[in-house]
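Me: I have a structure open and would like to go through a few of its contacts. Can we start once it is on screen?

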Amino acid sequence: MTDLLAQFGQLPTTLLMGLLGVVMLADAVPLLGVLVPGDAAVLAAVGAGRPVGGAAAVAAVVAGCVAGWSLSFLAGRLWGARLRRGRLGDWIGESRWAAAETLLRRRGGRIVLVAPFLPVFNALLPLAAGGLRMPYRRFVACAALGATAWAGLYVALGLAARTLTGLLPGAPDPTVLTMTVGLLLAGPVLLGTRRRLRAVTG
């Protein structure tokens, strides 16, 4: 795993950011998202330390997330009821699906805006939004803003982690160490963020 991450960090910037976008697209799709460590991928990309790493990582994350959520939105618009009654609906659970619809009816675009910070719901809300016929322009605008905020937070954590790892004598590969330290920093930061979002989602 360590060798794989080190090789990931050595890729050309264009390819690295392209792969990051694909990872984030997969992370935004129900079922696939559970298997894809999107936060770790962002931190690893920042850990590569390219001059344009921060801005390019944010752009790649936003593009990938919006593409994945748009596909889920379209699936919800076309096959929402069928998916809800099928295996995907069984895996998600009727209670979660109903809760997502309730949040969308009560909060509308605001809940889409904070969706990237809400595990499980971040992949379910686009499906529910499509099924409820939310206007796509409103959905995608809120989704893009939310993805930008989430990406900005993780890129900032990655840059902070890379700075800290640079202070360690004889530190191992910066990509691996930045990802590890970044994930440790992300825990309390995201916990505090989610607590503040309870007022929005409650």
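Me: Before we start, what sort of model is it, and how are residues numbered?
Reply: This is a predicted model, in which local features need pLDDT of at least 70, side-chain atom pairs count only at pLDDT 80 or more, and totals for chains, interfaces and linings use all residues. Residues are numbered from 1 along each chain as its sequence is written, and side-chain values use heavy atoms, with hydrogens and water left out.

Me: Where is Ser70?
Reply: Ser70 sits in helix 5, residues 53–85. Helices here are DSSP runs of H or I, at least four residues, numbered from the N terminus.

Me: Buried or exposed?
Reply: Ser70 has a relative accessible area of 15%, so it is buried (under 20% is buried, over 50% exposed, partly exposed in between, with a 1.4 Å probe and protein chains only).

Me: Which side chain does Ser70 have a polar contact with?
Reply: The side chain of Tyr136, at 2.7 Å. A polar contact is a pair of N or O atoms within 3.5 Å; within protein, one must be able to donate a hydrogen and the other to accept it, and residues adjacent in sequence count only if both atoms are side-chain atoms.

Me: And what is Ser70 in contact with, leaving aside neighbours within four places in sequence?
Reply: Tyr136, Phe139 and Val140, where contact means heavy atoms within 4.5 Å.

Me: Rings next. How many aromatic pairs are there?
Reply: Four. Rings of Phe, Tyr and Trp (its six-membered ring) pair if their centres lie within 6.5 Å; planes under 30 degrees apart are stacked, over 60 edge-to-face, the rest tilted. One of the pairs is Phe73 with Phe139, with centres 4.7 Å apart and planes at 25°, so this pair is stacked.

Me: Where do Phe73 and Phe139 lie in the chain?
Reply: Phe73 is in helix 5 and Phe139 in helix 10 (residues 136–166), 66 residues apart, so the pair links distant parts of the chain. Both Phe73 and Phe139 are buried.

Me: Which residues do ring pairs link into a cluster?
Reply: Phe73, Tyr136 and Phe139.

Me: Changing topic, which residues of helix 2 and helix 4 meet?
Reply: Leu16, Met17, Leu20, Val23, Met24 and Asp27 in helix 2 meet Gly38, Ala41, Val42 and Ala45 in helix 4.

How values were computed:
Helices (H or I, at least four residues) and strands (E, at least two) are DSSP runs, numbered from the N terminus.
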